[in-house]
Amino acid sequence: MRFLAFIAVIITGALLIYATVDMPNWGDPNSPANIHVSPRYIEKTIEETATPNAVTSVVADYRGYDTMGETTVIFTAGIVCILLLRRHKNDRQT
Amino acid sequence: MIGRLDNVVIQTVCRLLIPPIQLFALYVIAHGHYSPGGGFQGGCILGASFILMVIAYDIKEAKRMMSEKVNTILSSLGVIIYSGIGVVCLILSANYLDYGILNKILPVTIAEARALGIFGVEVGVGITVMAVMVSIFLNLASGGEHGETEE
Amino acid sequence: MEFIIGKFNYWVYIILMMIGFYAMIAKSNLVKKLVGMNIFQTAIILFFISIGSKKGVTIPIIQEGAGDAVNQAVNSARYMNPLPHVLMLTAIVVMVSTFGVALALIIMIFRKYKTLEEDEILESLRSGEEN
Amino acid sequence: MEAISSIKPLLAVIVSLIAAFLILITGERARNLREFWTILASVVKFAIVASMVSPILEGNVLEYTVISILPGLSLQFRVDALGILFALTASFLWIITSFYSIGYMRSLNEHAQTRYFACFAIALSATMGVAFSANLFTTFIFYEIITLSTYPLVAHKETSEAIKGARRYLAYLLGTSIAFLLLAIFLTYNAAGTLDFSNQGILAGKGSNALLTVIFILFMAGIAKAAMMPLHSWLPAAMVAPTPVSALLHAVAVVKVGVFTVIRVALYIFGIDLLSRLGLGTALAYFASFTIIAASIIALRQDNLKLRLAYSTISQLSYIILGVALLTPSSMVGGIIHITNHAFSKITLFFCAGSIYCAAHKTNISQLSGIGKKMPWTMTAFFIASLSMIGVPPAGGFISKWYLALGSIEAKEIPILAVIIVSSILNAAYFLPITYKAFFEKQDDAHHEEIKEIPMVAIPLMITAIISMLIGIYPDYFLTLTKEVIRLR
Amino acid sequence: MTAQAPILIIIIPLIASFLNVIIGLWRKRLCYPLVIITLGLSVILSISILNTVIIQGVIHYRLGGWEPPWGIEYVIDHLNAFILIIVSFISFTIAIYSKRNVEQEFPEKTVYFYTIYLLLVTGLLGITITGDVFNLYVFLEITSLAVYALIAIGRDKAPLASFNYLIMGTIGACFYLLGVGYLYIATGSLNMADLGRLLPDLYHSKAVLVAFAFFVVGVAIKMALFPLHVWLPDAYTYAPSTVSAFAASTMTKVGVYVMIRIMFTVFEPRFSIVMLPSTEILGWVASGAMIFGGILAIAQTDVKRMLSYILIAEVGYIVIGVSVANRMGFTGALLHILFDAFTMACLFMAAGAVMHKTGETSIHGFRRLHRRMPLTMAAFSIAALSAIGVPPFAGFFSKWYLVLGAIDAGKWIFAVLLLLSSLLIAIAFFRVIENIYFAPSDHAHNGVGQEEIVRDETPLSMLVPILTMAAGILILGFFSGKIVSAVIQFTVPGGF
């Protein structure tokens, strides 16, 4: 088991290292991630949402639907904990 | 699990600390537009203040202030606020969560309407996060013992 | 050499992630598995955040014309990329929720078997089947 | 020959399905009503089938497409002479068998009769489906339905050996059909691009000889219902079923469906020319003749009456395959008409076995001494039927054997002729002693329990016996149908 | 109305689940009707969506009114609409079924159970409908959390099984997230269509390659593709009947859907098939799943466990259909998604009904049940025959397509393995069916013996869904031709 796990870890790590070859350096301002979609958020956030904090405007407006989903995740977690842990009189006696 | 520990120092310090913590939490939620912050962060801080109280006093105390039922209602209330705002946009014949349309019912420009929408959403998120944090903590800490058995 | 230095953020996250991954699948103590899970997810978050960074820029809170001169051109090169932060905000929340659920499960398991060592649990199960 | 579009084939299939449904909802509460459904369905079905004969005799075919399931592959019926011959036999015998099985089941007051009659009806409609199907796809669907619907009938007694028998039955039929037949169908579809039956065959020139040979072997292995050795042992195992089941299904419907499918594949998928070019016909013929002899020899050594009949069935089925495999006109006539002949005479024999079991609760031949005096009608019918089996004129079996012999001479396969003669002798060797025992041997054991024939059981078997004799005397009706099959080629 | 249908189908169950908690605190009895109404609505909506797609073609819905790739967008083509209908219909049927099961197994948790159930359905629908890779991740997590919980409230070993599932599932989700990250770092976009436009220039980048690998592995864990299936048997064996029925029939299918999306929408067939041997590998893995699942199914003594292994084999079938990468095979895969959803729902629901009545699901416990609950057992047998692939039941027709697909691709070995595993599954099922109908009863066997067994049929609220599924299996097969020509033929990716 442990050996298998070790093999799996090694393989995954090797894959990741292999992938880094083609990745932009750290903090490279011209990496595709930084030039394709995100500039619009920074440039338009004030005139479109009147919110200087780009993160907030993206979280709650541009990608607000994701945020609703994640709030739902939290809600789910809360309900799940109640569902799983709540004990009741009948099964306390058992 | 968490028994009652009668330590005057801790309790007094907490009494002093908790109000500013909660005030700060509200500030973080409200000021998310202009500074780092927002619903999650503020909600977490708010929840933390309650958790601090639970640690300082004990679970009975905490439940007097925030019962399980209230917790559950709050946690769903927050999400309902969020999705409700979206539904309002739907009713105003825009797409879901398209806050811009809110300027039909509010005397503001589209951009400001969006800002308001963001604020409302953040509040909803904050409520849910706070309530869920507390309820998860209470459930885990007490192994579900404290939950009042609903009829 | 530049290859090593220029991409050190990836090295860090890969190492962290491998540690967590190994703990997740190899450890027999359930809580250790969870700790591994946290390290694993944190590594991913680190990775995402490091994507968004640019050399010598500030956080994405626009200073130009807050309020008065709205339509003043904003130079996106001066600010960080907000999108990864947003994604990770979501991912962190998901992670916390998963962690809470996992802890709840662990409490259930502990109630049932009075232990959190996987092999001991399996042992008790086997003995349970025998009699 | 033109194709007339007609819904009759569909009706012929549907009617007994409806009957099965009605039987199920009627259930044990109103037994007479339930039996009435069976009778009604059988009569209606026979009427529908009979009404389709005349257009066929005029050289037409009836067609009906139910629903197109895959592009170029549809659930489709086409009624031609071969199909109508088979359908006519099966549906007529169903009427008689229904009366018989009502008498049988009630006299033994068997359990789960509702399930029994329902499954019976479903099996019959599936038989019609195979008889009328226009392509291999439809054939396969109904082929499997027969397997599934007869499985409960074989396991009917629910004793451990009944379950074992049913398990073997299912393993052979379902296993071979999924593993070999389905694969063969896929290969055919891949090679020919269609599965419709055509008089010239669809595989001619559609693949290398090796491939076609493989396909043919897969088909022959896949159609285990034809009970060719070595895939025959499900049939004796299925004899644990109640006698009417063995009579109609394992002497007529199921096994004949197997043979029928073999004929369809041989004549309408491969086609005579291809088979003779590949020399597969002759090979099949010799394979069949091996089965004929071997099965007869095994039959000699069986003491259980039904088992002996089962092995005789195995050998007689191979007559039909032999006749088709010789690929000469008269041999084919012999083979195809043997479907009818064997059906009538073999069902008579099984009826007799059942009647003996009902009246005297005897299953073994060694116990039958002197039973002829107590059950004269039954044993007379038995005698007539066995004459037809052996092929003594004027009984029906003579016709088919005559044509088979002619065919073997036409095909210049003298060994086959020898096989036919030898097997006839063997038939005599395992049938006549039974009659002799029944009539001319004194019953050794002293105690004489009261044995009397049950009319509800005895009358049907008289009818079938007489008919099997009549076919021999006036063979023209069936011969014309059979000749129709040949003429179309 | 129809213009907003894509979002309504998500938020109606979602908001209903929020309200459900509050209503539940007030009147517990109202939860069940609320769930039924909600899911009924989502069924209607999904049908109208499919209708719109068939008439007008692909639907684009911009959330928050932001145009992609900046905002999140819903893209609904024939494939989504097809899966949507399956998920919503199955969830609706099983919700009806759940009533008695919940009352029996955990009466005090009704409210929270239904809340989580609605969230689970929402998550699956959200996964199916979205056109944004990260949004898909969020809904994936909603689904996962919900199903962990629902499994954990099951029978004896359930919490442990659920925990293992949680560990495996988190690994899968994290791998998926990594894949998203690598695609983002390579292209800077998260929108599926946009990615589809940007990626072809980058197919030789190692990052994209690794991203693909992580996507496939992550999704394979989620859909329990052999050999990553280890979490499934325990989880589905000990879960409550309702949950195992729902999860078995829909979750694996949605997993397959995500894989198809990734392989043929985000990436092009050119990449997934030609440049990488991914389909080749998937094919072999899947055939391993078929054989392995069949063999282990024979080895089981508990029916629910046996069904879980058969489910693994069925996933193998679907993946084979995708992996042979031609029109026939793909059509077969989608047909099998539909038919297998029905079959698995019917089988697990019937097993749950037996659980409800007799309290156990061991094969021995099925003895002579055809007298006690004839209709349920008839449905079970029909579904079993369909799973084996015997005509005229639905499973036969999809397998027909699958085998033809394998043959068209020249993969004879796959065709043979398909038939072989059908035989294995047949053996597994007839062990049960024999027990149901012909097992010698314990007392003297004289035709009167079994009459003592009183008829004691499953309660109606459970029976109706089971029979609905069985009827679907009986009928749908004959209309597979129509289904293909109406919907499925448009889902086949270009280049096949």
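The model is predicted, and local features need pLDDT of at least 70, side-chain atom pairs count only at pLDDT 80 or more, and totals for chains, interfaces and linings use all residues. Residues are numbered from 1 along each chain as its sequence is written, chains are lettered from A and ligands numbered from 1 in the order in which they are written, and side-chain values use heavy atoms, with hydrogens and water left out.

## The contact between chains A and C

Chain A brings 46 residues to its contact with chain C, and chain C brings 51 residues; contact here means heavy atoms within 4.5 Å. About 4,400 Å² is buried between chain A and chain C, and carbon and sulfur atoms give 71% of that area. Buried area is the accessible area, taken with a 1.4 Å probe, that two parts lose on being put together, summed over both.

Between chain A and chain C there are 13 residue pairs in polar contact, with both residues at pLDDT 80 or more. A polar contact is a pair of N or O atoms within 3.5 Å; within protein, one must be able to donate a hydrogen and the other to accept it, and residues adjacent in sequence count only if both atoms are side-chain atoms. At least two residues of the side of chain A that touches chain C come from each of helix 1 (2-20), helix 2 (32-35), helix 3 (38-49), helix 4 (54-62) and helix 5 (64-85) of chain A. Helices (H or I, at least four residues) and strands (E, at least two) are DSSP runs, numbered from the N terminus. Helix 1 of chain A gives the most to this side, with ten residues.

By class, the side of chain A that touches chain C has 30 nonpolar, nine polar and seven charged residues. Ala, Val, Leu, Ile, Met, Phe, Trp, Tyr, Cys and Pro count as nonpolar, Asp, Glu, Lys and Arg as charged, and the others, Gly among them, as polar. The number of salt bridges between chain A and chain C is zero. A salt bridge is a side-chain nitrogen of Lys or Arg within 4 Å of a carboxyl oxygen of Asp or Glu.

## Chain B and its helix 5

Chain B has five helices and zero strands, and its C-alpha atoms fill a box of roughly 55 × 40 × 20 Å along the principal axes. Of its 151 residues, 54% count as buried, where buried means under 20% relative accessible area, exposed over 50%, and partly exposed in between (1.4 Å probe, protein chains only). Among contacts in chain B between residues at least 6 apart in sequence, 60% join residues at least 24 apart.

Helix 5 of chain B (residues 110-142) has 33 residues and should span 48 Å at 1.5 Å a residue, which agrees with the 48 Å between its end C-alpha atoms. The expected span is 1.5 Å times one less than the number of residues. Helix 5 of chain B is largely enclosed by the rest of the structure, because 25 of its 33 residues are buried. Just after this helix, B:Gly143 takes a positive phi of about 60°.

## Inside chain D

Helix 19 of chain D (residues 455-473) should span 27 Å for its 19 residues, in agreement with its end C-alpha atoms, which are 27 Å apart. Its buried residues include D:Val457, D:Leu461, D:Met469 and D:Ile471. The buried residues of helix 19 pack against helix 4 (81-107), helix 14 (329-360), helix 16 (376-390), helix 17 (396-410) and helix 20 (476-487) of chain D.

D:Asn427 belongs to helix 18 (residues 414-440) of chain D and is buried at 0% relative accessibility. Beyond its neighbours within four places in sequence, D:Asn427 is in contact with residues including D:Ser296, D:Tyr319 and D:Lys401.

## Salt bridges

Over all chains the count comes to 26 salt bridges. Three of them are listed here.

| Residue pair | N to O distance |
|---|---|
| E:Asp132 and A:Arg63 | 2.9 Å |
| D:Arg106 and D:Glu35 | 3.3 Å |
| D:Glu158 and E:Arg368 | 3.1 Å |

E:Asp132 has a relative accessible area of 0% and is buried, and A:Arg63 also counts as buried, at 1%. In the pair within chain D, D:Arg106 is partly exposed at 31% relative accessibility, whereas D:Glu35 is buried at 4%. Both D:Glu158 and E:Arg368 are buried. Salt bridges that share partners also join A:Arg40, A:Glu48 and E:Glu67 into one network.
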